[in-house]
Amino acid sequence: MDTKRRTFLKAAGVAALAGISAPAVTKLAEASSSAVPAVAENSAGTAGKIRYGMVIDMRKLYDRPDIQEKMAAACRYAHNIPTFDDPKSEIKWIWSASYEEAFPEHSSAHNAEIIEESEFLMLCNHCDNPPCVRVCPTKATFKMEHNGIVAMDYHRCIGCRFCMMACPYGARSFNWFEPRPHITQEINPEFPTRMRGVVEKCNFCAERLARGEKPACQEAAAEVGAIYFGDLNDPESEVRKVLAENPTIQRKPGLGTKPSVFYIV
Amino acid sequence: MIEKALRGSSRYWTWLGILAIFIGIGAVCYVRQFFIGQGLTGMGRDIGWGLYISQFTFLVGVAAGGLMLVLPYYVHNYKAFGRITILGEFLAIPALIMCLLFIMVDLGQPLRAMNMILHPTPNSMLFWDMCVLLGYLFLNLICSWVILTAERKEVAPPKWIYIFVYLSIPFAVSIHTVTAMLYCGLPGRDFWLSAITAPRFLASAFAAGPIIIVLACLLMKRIANFDAGKEAINKILTIIIYAALTNAFFVCLEFFVAYYSKIPGHMHSLDYLFFGIEHNGEMYNNLVPFMWTSVFLCFGGLIVLAWLKLSKKVMTDAADWIIAAGCLAVFLSLFIDKGLGFVLGGLAITPFETVVEYYPTVNEMGVTIGIWAVGIFMVTVLYKLAVDVEHEVEE
């Protein structure tokens with residue numbers, strides 16, 4: 001009797017283990033078979049593929065904290081972003097801060113007064129080589145194949161916050177509390193609200209681009225024309241022309257993340 | 001064999017009862033966090049990992065530390081460790097369970113934890129960490145159980161178990177290496193971005209794990225009539241001293257790299273941890289007293305242990321208390337160094353090069369204490385099992 005029960009328990013244990021690990025094994029097999037073309041695409045150039053990027057013309061925003069706030073507000077509405085007073089719990093997609101905070105690796109000795117006095121806009125850089133995607137254990141954050149946007153699946157995210165550790169730009173926020181009661185503006189029915197315990201960040205307005213609209217922040221800054229947005233892989237695009245004509249800087253370029261957001265200062 | 005855990009003195013039950021109270025407190029705190037949110041912790045947008053992950057990191061080391069008994073006994077046939085090797089395995093199991101619990105309480109969506117298996121992602125170090133931690137847990141469960149059962153029946157363990165025993169050696173190294181890789185591969189976190197992180201973790205692990213075993217042996221000698229033997233204790237102390245010195249050496253190397261190169265990113269975290277750092281006219285130095293306590297405890301403890309060995313007093317019964325004090329000092333030092341300083345030192349300097357300090361909340365500490373109580377509970381039960389089996393064989 002005893003040995004029978006023991007054999008049964010052993011068999012059950014093995015079966016349970018196999019059951020738990022089976023999806024992992026099959027998924028891994030799938031992943032390895034599809035990995036080859038993905039790598040080839042990245043290394044063999046990006047001809048014919050879209051890679052969205054943004055140029056922020058700070059010259060048009062230096063004396064305009066009002067425009068910067070308008071852009072953040074447009075984003076808040078477009079994406080149902082909650083507002084928390086405690087900086088610990090804040091959710092930030094696009095926000096303004098000092099030059100030293102935005103560009104800590106650039107020298108801040110003897111800067112032009114205008115740079116010292118103004119705030120700079122920060123948002124997700126939608127890196128071509130995103131560390132957040134590399135570390136995510138569930139592929140809840142991923143780079144969209146067809147346009148280079150670094151996106152999030154809020155339903156898959158387990159809330160481990162490894163991506164927040166990996167992001168050198170502090171672009172990611174975690175929902176420390178239930179966000180819905182803290183949405184102080186009108187709800188935008190076109191975009192989902194999130195739940196507690198997941199990470200979120202700027203999505204380059206992927207949902208608006210899909211509808212043929214411009215990013216919300218670009219639209220909000222239209223009166224001064226401070227934002228250029230378009231395909232970095234297309235030499236004829238407006239962003240590429242702006243980049244060709246103006247010296248620009250990026251945040252922490254030395255880390256090799258290849259940010260898609262450029263600044264004219 | 002498990003029935004041995006159900007029969008014990010009133011002292012045993014009282015101890016388990018006290019631990020159960022702490023487990024209960026932890027459970028209540030966690031239920032609060034589960035229903036209200038991680039906002040109940042001291043973590044925030046800038047300090048995204050806190051007490052939970054730093055405890056996890058420290059405990060992976062404790063689990064890996066058992067290697068310092070397994071390796072000499074099974075590979076080098078060092079017989080003096082024969083009686084206590086099981087204690088290394090029975091320490092690793094609770095330590096690993098605590099690691100998994102700390103990960104679970106840290107997750108924002110713990111019910112989705114299986115996504116890590118449903119959507120395995122080999123480029124994430126967290127995926128590999130899960131694999132090696134579960135693997136090491138499995139190896140320790142099977143090895144300890146099979147070997148203890150054989151010991152009880154007074155027969156040699158089956159040959160096949162040695163495959164798992166030898167496999168557990170690289171696994172012990174891998175759990176802490178991969179845990180270090182969670183940190184040391186992240187761009188923009190200068191304090192963590194150091195190739196010496198993994199060796200440093202291993203060195204401190206090979207001191208911290210064995211220390212718990214020494215302390216447990218000294219305790220069990222008094223209360224459970226279990227003597228590990230002077231030679232074994234003496235040898236473990238040697239291992240502890242070398243491992244802790246190696247760890248201290250690695251920390252000194254970090255200091256050299258930072259302060260000789262004068263690269264701000266490398267200096268900032270050490271500044272914050274050991275001297276305090278000024279930012280926008282405010283001084284941030286809440287960990288400074290802890291870190292210096294760690295330094296003094298480490299060297300104080302090591303001097304005491306080394307003196308005991310050099311003066312040959314280590315083999316006398318009177319030395320037990322001094323050994324315990326020295327070990328406790330080194331253990332606390334390593335706990336502060338890795339269980340507090342490493343994670344928070346890296347995070348206090350934000351990606352914006354601002355400084356943010358972290359203070360755990362009462363609720364968060366309740367959960368943490370609860371998980372420690374779970375671990376101590378398990379260690380108590382498992383060590384009682386091991387000791388009872390030894391006594392049974394002796395009779």
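Biologist: Which helix supplies the largest share of the nonpolar patch?

Modeller: The model is a predicted one, and on its surface W15(B), I18(B), I21(B), F22(B), I25(B), V362(B), M365(B), I369(B) and I376(B) form a nonpolar patch with about 810 Å² of accessible area together. Two helices of chain B, α1 (10-36) and α13 (362-394), each supply at least two residues of the patch. The largest share, 5 residues, comes from α1(B).

Biologist: How are α7(B) and α8(B) oriented to each other?

Modeller: The axes of helix α7 (residues 161-184) and helix α8 (residues 197-223), both of chain B, come within 8 Å and cross at roughly 135 degrees. The crossing in which α7(B) passes α8(B) is right-handed. An angle over 145 degrees would count as roughly antiparallel and one of 65 to 115 as roughly perpendicular, and the two helices are therefore oblique to each other.

Biologist: What is the hand of the crossing between α9(B) and α10(B)?

Modeller: Helix α9 (residues 230-261) and helix α10 (residues 264-275) of chain B pack at an angle of about 120 degrees, with their axes 8 Å apart. That angle makes α9(B) oblique to α10(B). As for the hand, α9(B) passes α10(B) in a crossing that is left-handed.

Biologist: What separates the C-alpha atoms of C184(B) and I196(B)?

Modeller: C184(B) is found in helix α7 of chain B, and with a relative accessible area of 21% this cysteine is partly exposed. C184(B) and I196(B) are 12 residues apart along the chain, and the separation of their C-alpha atoms is 8.7 Å.

Biologist: How far apart in space are V239(A) and I227(A), C-alpha to C-alpha?

Modeller: V239(A) is found in helix α9 of chain A, where it counts as buried at 0% relative accessibility. V239(A) and I227(A) are 12 residues apart in sequence, and their C-alpha to C-alpha distance is 9.2 Å.

Biologist: Where does F204(A) lie, given that its phi is positive although it is not a glycine?

Modeller: Most residues other than glycine have a negative phi. F204(A), by contrast, has a positive phi of about 55 degrees, and with a relative accessible area of 2% this phenylalanine is buried. F204(A) lies in chain A, in the loop between β7 (199-200) and α7 (206-210).

Biologist: Which loop holds K258(A)?

Modeller: K258(A) is also a residue other than glycine with a positive phi, near 55 degrees. Its place in chain A is the loop between α9 (238-245) and β9 (261-264).

Biologist: How many residues apart in sequence are the parts that E392(B) and K4(B) tie together?

Modeller: E392(B) forms a salt bridge with K4(B), and the closest N and O atoms are 2.3 Å apart. Because E392(B) lies in helix α13 of chain B and K4(B) in the segment before α1 of chain B, the pair ties together parts whose separation in sequence is 388 residues.

Biologist: Which helices hold D337(B) and R200(B)?

Modeller: D337(B) forms a salt bridge with R200(B), the closest N and O atoms being 2.9 Å apart, and both residues are buried. The pair ties together parts that are 137 residues apart in sequence, because the helices of chain B that hold D337(B) and R200(B) are, respectively, α12 (residues 319-348) and α8.

Biologist: What is the N to O distance in the salt bridge between E178(A) and R180(A)?

Modeller: E178(A) is partly exposed, with a relative accessible area of 30%, and R180(A) counts as partly exposed at 42%. Their side chains meet in a salt bridge with an N to O distance of 3.6 Å.

Biologist: How many salt bridges does a search of the whole structure find?

Modeller: The search runs over all chains, and the number of salt bridges found is 24.

Key
Residues are numbered from 1 along each chain as its sequence is written. Chains are lettered from A and ligands numbered from 1 in the order in which they are written. This is a predicted model: local features need pLDDT of at least 70, side-chain atom pairs count only at pLDDT 80 or more; totals for chains, interfaces and linings use all residues. Side-chain values use heavy atoms; hydrogens and water are left out. Patches are made of residues with over 30% relative accessible area and no salt bridge: like charges are joined within 9 Å, nonpolar side chains (Val, Leu, Ile, Met, Phe, Trp, Tyr) within 5 Å. Accessible areas come from the Shrake-Rupley method with a 1.4 Å probe; for residues, only the protein chains shown count as cover. A salt bridge is a side-chain nitrogen of Lys or Arg within 4 Å of a carboxyl oxygen of Asp or Glu. Helices (H or I, at least four residues) and strands (E, at least two) are DSSP runs, numbered from the N terminus. Axes are lines fitted to C-alpha atoms, for helices over the stretch in contact, and angles run from 0 to 180 degrees between N-to-C directions. Angles under 35 degrees count as roughly parallel, over 145 as roughly antiparallel, 65 to 115 as roughly perpendicular and the rest as oblique. A crossing is left-handed if the near helix is turned anticlockwise from the far one by less than a right angle, and right-handed if clockwise. Buried means under 20% relative accessible area, exposed over 50%, partly exposed in between (1.4 Å probe, protein chains only).
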